[in-house]
Amino acid sequence: MLNGVIGIHNLQGYSKSVAFNNIIFKFVSKIKDNLQGKRFVIGLELQTSAIINDILNEKFRKNIQSINPESEIDKGDILTAIKNANGFNPNIFVSQVTFETLVKFFIDKIKPHAKEAAESVANELVELFMSIDLDEMSGVPNLKYAFIEVLSKLVQRNLAPTLDFLEHFFEIEQGHINTRHPDFSVNPTETPTFENNSGESSRHCELSNESDKKILGLAKRERSEIELIRKMLCSYFNIVKKNTCDYVPKIVLTMLLYKTMNYCETELVNNLLNEESMEKILKPSDDGKERVEFLEDEIKKIKEANKLFSEIM
C-alpha cells in the first residue's frame, strides 16, 4: 500500500505513464464489476446495476402501465374529438382521424417518462463514478476529480443521442398507426347498445358523469361510433405500451449504459494519459504531501532495518 500511494510521485516518463494507466485500469474495473454485478457486499444498499434495473424495469414500466385511456378520457372527450375531426362534413364510417389523434395524444404522455428514465440512469452512472475509491488516489484529490469530470462528460455525450433516439422511436410510433397489428383486436360488428329514456337495453357500464349522460341524447350510430373508438384506442394503446416497455430499456442500456461502460477506459486514457495532464493531476494536496513524506520516511526506515537484519544474519 505504501508504494502504491507514493510510488507514482517518484516515477518519471514511461514508468509514470504505466503506473497511471494501471490506476485507470483499476478504476474502470471497479466500475464494470459494479455494473455487471460481479462484486457486492451482502446487506448493503442496492448497487448501481440493481438501481438501474429498477429504474427501467420497475419504475418506468409502472409509470407506463398507469396511463390508461379508459380512465383518463371520457365519452364526451371522444365525441368532441369526433366532431373536430369531422368538421362540417361528418364521416359515413368510424373516423380514423379521431382514432389516430387520440392514440398520438396518449403516446405524448409516455415521452416524459422515457426521458426521465434515461436521465435517471445517467445520474446513477455519475454517482457510481463518485463512489469509486482506490488507495492510489489517497492524498491526490485532483486525480479522482479528473476521472469523474472526464467520465461525466462521456455520460452526457452519450445521453444526448440516447434522448434523440427515444424521440425518433416515438416519432415512429406516432408516424404510422398499424391497425393491421396482430394484437389489435377490435370487432367493428360489436356495436354496443345504451340505455336511454325510451327504455333501450344496455350492455354498457353505468354512466359515471355528466359527459356520459349527454351521450344518451345522441343517435344510436353516434353512440356506437364513440364506443368503438374507445375500444380501438384501448386495444391499440396496449400495443404501444408493450412496445415502449420493451424498446425504451433496450435503447437506454445500449446507447447510454453500455457505450459508457465500454468506452470509459479509452476516454480516460485519451484525455489524461499525457505528461501535461498527469503533472497537473498528480500534484498532491498539502495533507497529501505530508503523508507522502511520512510514508517515504517509513519506507526508508524499513529498508534500513532490512539491510541491518541481513547483515546480522
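Student: Which residues does Arg230 touch, not counting those up to four places away in sequence?
Tutor: Arg230 touches Glu70 and Ile78 on that count. Keep in mind that this is a predicted model.

Student: OK, and where does Arg230 sit?
Tutor: Arg230 is in helix H9.

Student: Is Arg230 buried or exposed?
Tutor: Buried: its relative accessibility is 15%, and the cut-off for buried is under 20%.

Student: Switching to Met255. Which helix is that in?
Tutor: Met255 belongs to helix H9, which covers residues 220-272. Met255 is buried too, because its relative accessible area is 16%, again under 20%.

Student: What does Met255 contact, leaving aside neighbours within four places in sequence?
Tutor: Asn158, Pro161, Thr162 and Phe165 are in contact with Met255.

Student: New topic: the largest nonpolar core. How many residues, and which have the most contacts inside it?
Tutor: That core has 75 residues, and Leu125, Leu143 and Phe147 have the most contacts inside it. H2, H3, H5, H6, H7, H9 and H10 each supply at least two of its residues.

Student: Which helix gives the largest share of this core?
Tutor: H9 does, with 20 residues.

Student: Back to Leu143, what is it in contact with beyond four places in sequence?
Tutor: Leu143 is in contact with Phe20, Ile23, Glu136, Met137, Ile281 and Leu282.

Notes: Residues numbered from 1 in each chain as written. Predicted model: local features only at pLDDT ≥ 70, side-chain atom pairs only at ≥ 80, totals over all residues. Heavy atoms only, no water. Helix = DSSP H or I, 4+ residues; strand = E, 2+ residues; numbered from the N terminus. Buried < 20%, exposed > 50% of the residue type's maximum accessible area, 1.4 Å probe, protein only. Contact = heavy atoms within 4.5 Å. Core = buried A, V, L, I, M, F, W, Y, C linked by side-chain atoms within 4.5 Å.
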